[in-house]
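The sequence and structure come first.

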Amino acid sequence: MNLPIKYRPIRFDQIVGQSVAVEIAKASLTQVELQTTYLLVGSSGAGKTTLARIMARSLNCTNRQGIEPCNQCDSCQTHLEDNHLAITEINGADKTGVDDVRDIIEKCQLHTISSKYRVLIVDECHQMSKPAQNAMLKLLEEPPTDTVFILCTTEEDRLLETIRSRARILRFDTVNRDLVAGYLLNVAHHEQIPLTETEAYLIYDYNKGSIRQCLQTLGTVSERVTVEDLCPQIPEAKLQSILLSFEARDYLAIERILQELIRQRFYPKHILSKLIDYTIDLMSKPDTNKKFLINADEILQVLIPATNKLGNSSNNVAECRLTLYHCVVVWQPINQTTDELDESSQSQPEIQPDYQLANGYSPQPDYYPIPAQSLNYQQSQTPQFQPQIKAEYQVPTQYNQQ
Ligand SMILES: [Zn+2]
């Protein structure tokens, strides 16, 4: 069941959770002197193209009700059937060259007999090459009469500043969790799909708030395929173990956890993004150890760009593994220097460590590529030393006794 298509909003008031962008769009479409360039900025699946299409329909509707398109007149109907001659939708990823932009310019010169406005919607416009963007800029600077450009992007920074400055920018928010969960429950009720509140939140979290992807997931739920199957959750203990392996410089443990998660059909990108979420979550807790915060910051600088580069495929295990190894490299063992040792040994730990690595994993010291620095530290360690770190980050005692 293709719920994203079925429930795609066709009026401004049907768009969920983007009131600011929608209000700006509505207000600017009623101005006497019409803005000719719009830039819609937001994450994938936020509804940018949907809003762009409603704007285009509203501009050309012959029976507009206030600002809403009627969705009944010839113009609205032909657009809803994807046959509108004056409303063109292109994907910036396919039109990356200057010649492509020339084609676009030629199209824009054609007179639109039956429609009031020619509307050009460019999806993923940041994917156009710089020369193509420059050619586009010339078009935006001197737009043909009655032509409106609606550019959509997930990566605003990759657009020429001169393009951004010419456009009315509409920013899309991450839609509120409760709002989307409620919306999903409503759609599920309509479609007679059994869905609990907990499952609705699970779908939201798994899809990071993208309504389109949430609906896609919901449409796949059946008697045989449950929400839990579609939105598997990585147990926190696993993420915790990965962080512990960074502290222990334990490449073998990382490999084991990674292989286990891959066997459970978690995609590398999903694993890394969950690790990012978990780390950020720990950072936000008021009693988190300061040294952990520094390390967390370091590994996030590795994890975030690497995760953004990874595709949603199961073929990226090697990249994922390298990223985790890179985290080990940047991680400064929390109990590393003598100064810090002295400082820490002055006070007792707030929480007694009781952590065990998950799944009966037992460390085998022979395999650890422990750097010399860390070995020196092990020798100079005082017996009564207990690092002042939270239980979750405490390295198993075996490591301290090597
Ligand atoms: Zn209409």
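## Contacts of L151

Apart from neighbours within four places in sequence, L151 contacts Y38, L39, L40, V122, C125 and A167; a contact means C-beta atoms, placed from the backbone, within 7 Å of each other. The model is a predicted one, in which local features need pLDDT of at least 70, side-chain atom pairs count only at pLDDT 80 or more, and totals for chains, interfaces and linings use all residues. Residue numbers start from 1 along each chain as its sequence is written.

## Nonpolar cores

L151 is also among the residues with the most contacts inside the largest nonpolar core, together with L40, L51, V119 and I150; this core has 36 residues. A nonpolar core is a set of buried Ala, Val, Leu, Ile, Met, Phe, Trp, Tyr and Cys residues joined through C-beta atoms within 7 Å. Buried stands for 20 or more other C-beta atoms within 10 Å of a residue's own, exposed for 12 or fewer, and partly exposed for counts in between, with C-beta atoms placed from the backbone.

Two or more residues each come from α2 (19–29), β1 (37–41), α3 (48–60), β3 (118–123), α6 (130–141) and β4 (147–153). Helices (H or I, at least four residues) and strands (E, at least two) are DSSP runs, numbered from the N terminus. The largest share, six residues, belongs to α3. A second, separate core of 25 residues includes I242, L275, F292 and I334. In soluble globular proteins, nonpolar side chains tend to be buried together.

In α9, the buried residues are E199, A200, L202, I203 and Y204. Their cover includes α8 (177–191), α10 and α11 (227–230).

K208 follows α9 and has a positive phi, near 50 degrees. This residue sits in the loop between α9 (197–206) and α10 (211–220). K208 counts as partly exposed because 14 other C-beta atoms lie within 10 Å.

## R249

R249 is a residue other than glycine with a positive phi, near 50 degrees. Most residues other than glycine have a negative phi. The loop that holds R249 runs between α12 (236–248) and α13 (251–263). R249 is buried, because it has 20 C-beta neighbours inside 10 Å.

## Confidence

The average pLDDT of the protein is 81, and 82% of the residues score at least 70; pLDDT is the predictor's confidence in each residue, from 0 to 100. Residues 340–402 have pLDDT below 50, and beyond near neighbours in sequence this stretch has 73 contacts in the model.

Conventions
Contact = placed C-beta atoms within 7 Å.
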